[in-house]
Amino acid sequence: MRSTRPEGAAASPWPYDSAVSRAGLDKQPHDVAKMFDGVAEKYDLTNDVLSMGQDRRWRRRVVDLVAPMPGEVILDLAAGTGTSSQPFADAGATVVPCDFSIGMLEVGKRDRPDLPFTAGDGMRLPFGDDTFDAVTISFGLRNIVDPIEGLRELLRVTRPGGRIVVCEFSTPTWGPFDAVYTNYLMRALPPVARAVSSNPESYVYLAESIRAWPDQKGLALRMVEAGWGRVEWHNLSAGIVALHHSVKPS
């Protein structure tokens, strides 16, 4: 586990490069939402195959870190079809799955009709200030046009003392494995996606966006810049994924 504190945190540009445009997208909300609409039907299956089943373990760790309590109100942003949201409801919390892909929400509502799926843009959340006891976003922050602004919006809707957990792809902590991982993302992932996804071209964008994303410390600094308190992170699967968590200052 590593951490960073607000003192001395400095802003730095987001390291997005031409990789996104090579995939035919420039992170415009309409284009990204349309992309996810196109993969909604087989999204959960594709993720399971591409991660070799690891995504289920990663999501369990998110739930453990959020530690939902009965009666709490939790926002699950970028919830997609609600796979990540259901465990919070099972724990007795009121969970609001929110996503900007209507296609994802339609599939989710069909499969989980009891969850209150809500359409919303991560930069303009349709919720009042200080609404949620906890907020979480898994594998969606890097798809927001301005991730720092998205983190500020999550801060706004969280009550003072409330908590955040961000689950996102990150940088492997062992150099030789990082090279293997990069090779998988750029060479192996596209053909696998073609075999199981309804829109395999979208996974080219996803692979490139992962490689353009900041490392563990870089994301922690951006969370602090957005106004969150001390940020700690936990590496999963040798740093392929990292969980960052913090609380909203009172």
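I take buried to mean under 20% relative accessible area. The model I am reading is predicted.

Entry 1, salt bridges. I searched the whole structure and found ten salt bridges. I started with Asp 121, which pairs with Arg 124 at 2.9 Å, N to O. Asp 121 has a relative accessible area of 16%, so it is buried.

Next I looked up Arg 142 and Glu 168, whose side chains form a salt bridge at 2.5 Å, N to O. Arg 142 sits in the loop between β5 and α7 and Glu 168 in strand β6, so this pair ties together parts 26 residues apart in sequence. I noted Arg 142 as buried, at 3% relative accessibility. Glu 168 is buried as well, at 1%.

I then checked Arg 110, which bridges to Asp 111 with the closest N and O atoms 3.0 Å apart. Asp 111 is partly exposed, at 45% relative accessibility. I also recorded a network of salt bridges that links Asp 129, Glu 153 and Arg 156.

I located Asp 146 in the loop between β5 (132-138) and α7 (147-157). Asp 146 is partly exposed, with a relative accessible area of 29%. I read 9.1 Å between the C-alpha atoms of Asp 146 and Gly 122, which are 24 residues apart along the chain.

Seven of the ten residues in α10 (216-225) are buried, so the helix is largely enclosed by the rest of the structure. Among the buried ones I listed Leu 219, Arg 222 and Met 223. After α10 comes Gly 227, with a positive phi near 115°.

Conventions. Residues are numbered from 1 along each chain as its sequence is written. This is a predicted model: local features need pLDDT of at least 70, side-chain atom pairs count only at pLDDT 80 or more; totals for chains, interfaces and linings use all residues. Side-chain values use heavy atoms; hydrogens and water are left out. Buried means under 20% relative accessible area, exposed over 50%, partly exposed in between (1.4 Å probe, protein chains only). Helices (H or I, at least four residues) and strands (E, at least two) are DSSP runs, numbered from the N terminus. A salt bridge is a side-chain nitrogen of Lys or Arg within 4 Å of a carboxyl oxygen of Asp or Glu.
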